[in-house]
Amino acid sequence: MLDVMRRITFSRNYTLSLSRTCRCYCKYCAFATHQAHLYSPEEVDEQLERAVRRNAKELLVLTGEMPEVNPVVAERLGDWGHEDFTSYVVWACGRALERGLLPHTNLGVLGREGQLRLRDVTASQGLMLESVSERLMETVHAGSPSKHPSVRLEAIEIAGELRIPLTSGILVGVGESEAERFASLDALAEANARHGHIQEVILQNFVPHPDYYGREPAEIADRASRQRWSAPPAVEGASVANAGAAGPQPQWATPITLDDLRDLVRYTRRVMPGVGVQIPPNLSDWWLELAEAGATDLGGLSANGDHISPDHPFPSPKQVRSALRERGMALAERLCVYPQYMTPEWVDQGVLDLIRLEYWSFIPRGSSGRNAATNGNSIDPGLAPEGIAKGREGVALDAAELTALFAESRPEVIEAMRAAADGLRAELNGNVATFVVNRNVNFTNICTVGCAFCGFGQGKRSPDAYLVGEEEFAARVGEAVDFGATEVCMQGGIHPDYSLEHYGRWLELAKEVAPAIHLHAYSPMEVHFMAERSGLEPGQVFDYLLERGLGSTPGTAAEVLDDGVRRRISPNKLPVGRWVEIIEAAHGRGIPTTSTVMFGHIEEPGELAEHMRVIRALQERTGGITEFVPLSFIPYQTLLGRTHGIEEISAEENLKHTAAFRLALGKSVRNLQASWVKMGLEAATEALRWGVNDLGGTLMEENISRMAGSRHGVRLDPGDLIDAARRAGRTPAQRTTLYEVVETY
């Protein structure tokens, strides 16, 4: 139902090549050595400190397989008090956890006991299948018995039995046939079908490497990465696979084409639905095309480079984000463990506690990992039926009842919520579905507030920053009049150079162009800024704006009216008390306002309950709120979505919340609006069955949601809204800002 922008994920990691000593002799590997190589405990701590300074969340522990077969390595491990290499890795992972880093280990083939030991200190583990081709044991895998497909598949099976979130994958271009590639993916799909433990599959194409003998790949990788990440914008293109030196193509190598990789992406999606499909963006010039073909992940964009292919640095997150945005996709950060595995069943409690403490926003909404109570409101599902019955009658719900409604997940109870909300809607508004013909004018997006949920606000030097001139502003108001608009809605960023007079001038100019137009303008945040700049009280600011043509004020900048939430997502925004003070000041001057909520991000059910308590109490004091507008969070091009793992709320959850909002308001606020620009017209139409009686406006222009990544357009014609109302079995009616009916259709 929702037209969702595609998210391509990555993990912000740092690589620790704890030991390159390896018992295998793979012909394609330039990482491994058969000399003694092992970081000391002091060097490990130094690397961990660097990882923290580089803002990594994941520690990728990359090693050769069973390095203790080298007697020098074994002796060093013994001197440091470790019986084997796995013991040393467990120690290093423990040190990482102490610093807030989530370990993901790639140690090669381990038995049950080794994997179990690592499970206690890792968020996830990795083991590439590489290929099911036994022929390769005579070529590229000669002398490497643990590369035999049966050995690797057994280790992958053990990981499933132990409930370990696993990253696996295949290596292509090393002499395997096309049929063997698909057979390898089938083998992974069969293992995952038994255990559900494979979180992602890497489709890694072979690239030749020079000889690194006598050199440290980690140092080469770090230098290459720093150079790549500091590249100027002019060279931030998608072509990165050939950024470094490459060795000659071996005779055993198989050429790989874009079509080959596209076929593998699509096949993986088909045989392993719901499993991530990873394409390393430093090894293929085609990573953007493969993302368009269905790849979902770019792996760890390691801050210190790719230690396996050190001359092929990863592009930076900024470079990748820019390239994806041009293709209509968004880059989003994830943790090394995928969200569906963030439960005690899959992750050791100590590791899960760190996720809850440091990275709780990555835990899926509604899962057992999130907080079970907020604002002191525990969740009691047994309260939902009583809350629904009270809400249907318009009786105010207490905090516990509201919390239960927002947390509800039982389909039959959600249907009861829908029916009650729809019944209350019919009692208050009959069978009419209204809309307003209006135009938004977002006159500037230059803003100093820096909200984590916002993709609209820009610094003055940003290439995306804009400031509308008076001539352009007047033209937009004129277009609104020609379109038949009865309202112009004006909001902008908090421009550091603005004064009260700048805001007054926009009102005056709009009235000069269209004297009869209703001006719905300026959020409480903007009014707060005007008051701070002018030294006036909010009521005096409203007096000034009224003289210049203000008709009503949008109750935006509310987000969630809980100061704990506001400090986390927008610490520079006005607090709850000030928001309420400004809305009350408007009502005190006879200025009607709307009211809003932005939900579907980090808030908890109890915090939404508090928001609705504030709104209802305010309305019962003043009666000045004309409508309530739920605004679901659009994450794609926002800091909160990019770096905190927040996904767009589902259509089902959106509608459930809509019904809960209607019941929470009771009869205090008559009108409930669906935001088609947030949820799409199809979902907004369905919302007319969930307590909604208004479809909002035609808008003509809408930059706030668009710049956050909304895919639902910025303009509708009145006919679109009329048709939507009729599809829902409602009588369409055009209204004014203040809900006076202009025409019924």
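Biologist: Which elements each supply at least two residues to the lining of the second largest cavity?

Modeller: In this predicted model, those are β19 (625-632), α23 (651-665) and α24 (676-679). Helices (H or I, at least four residues) and strands (E, at least two) are DSSP runs, numbered from the N terminus. A cavity is a set of points on a 1 Å grid over the protein atoms alone where a 1.4 Å probe fits but cannot get out, and lining residues have an atom within 4 Å of a point.

Biologist: How many cavities of 30 Å³ or more turn up in the whole structure?

Modeller: The search finds three. The largest cavity holds about 110 Å³ of space. Its lining has 15 residues, and Gly108, Gln115, Gln125, Gly126 and Leu127 are the closest to the centre.

Biologist: And which elements give two or more residues to the lining of the largest cavity?

Modeller: β4 (102-106), α4 (112-119), β5 (124-126) and α5 (149-161) do. The largest share, three residues, comes from α5.

Biologist: Switching topic: where is Gly535 found?

Modeller: Look in the loop between α17 (524-534) and α18 (538-547).

Biologist: Why is Gly535 called exposed?

Modeller: Because the relative accessible area of Gly535 is 62%. The cut-offs are under 20% for buried and over 50% for exposed, with partly exposed in between (1.4 Å probe, protein chains only).

Biologist: What separates the C-alpha atoms of Gly535 and Asp306?

Modeller: A distance of 55 Å, and the two residues are 229 apart along the chain.

Biologist: One more place, then: which residues of α10 are buried?

Modeller: In α10 (residues 317-326), the buried ones are Pro317, Gln319, Val320, Arg321, Ala323 and Leu324.

Biologist: What covers the buried residues of α10?

Modeller: The cover includes β1 (6-11), α7 (217-229), α9 (287-293), β9 (297-300), β10 (329-334) and α22 (639-643). Contact here is heavy atoms within 4.5 Å.

Biologist: Which residue with a positive phi follows α10?

Modeller: That is Gly328, with phi near 80°.

Definitions and conventions. Residues are numbered from 1 along each chain as its sequence is written. This is a predicted model: local features need pLDDT of at least 70, side-chain atom pairs count only at pLDDT 80 or more; totals for chains, interfaces and linings use all residues. Side-chain values use heavy atoms; hydrogens and water are left out. On a 1 Å grid over the protein atoms alone, a cavity is a set of points where a 1.4 Å probe fits but cannot get out, and a pocket is an open set with protein on both sides within 12 Å along at least five of seven lines; lining residues have an atom within 4 Å of a point. Grid points are joined across faces, edges and corners, and a volume is the space filled by probe spheres set on the points.
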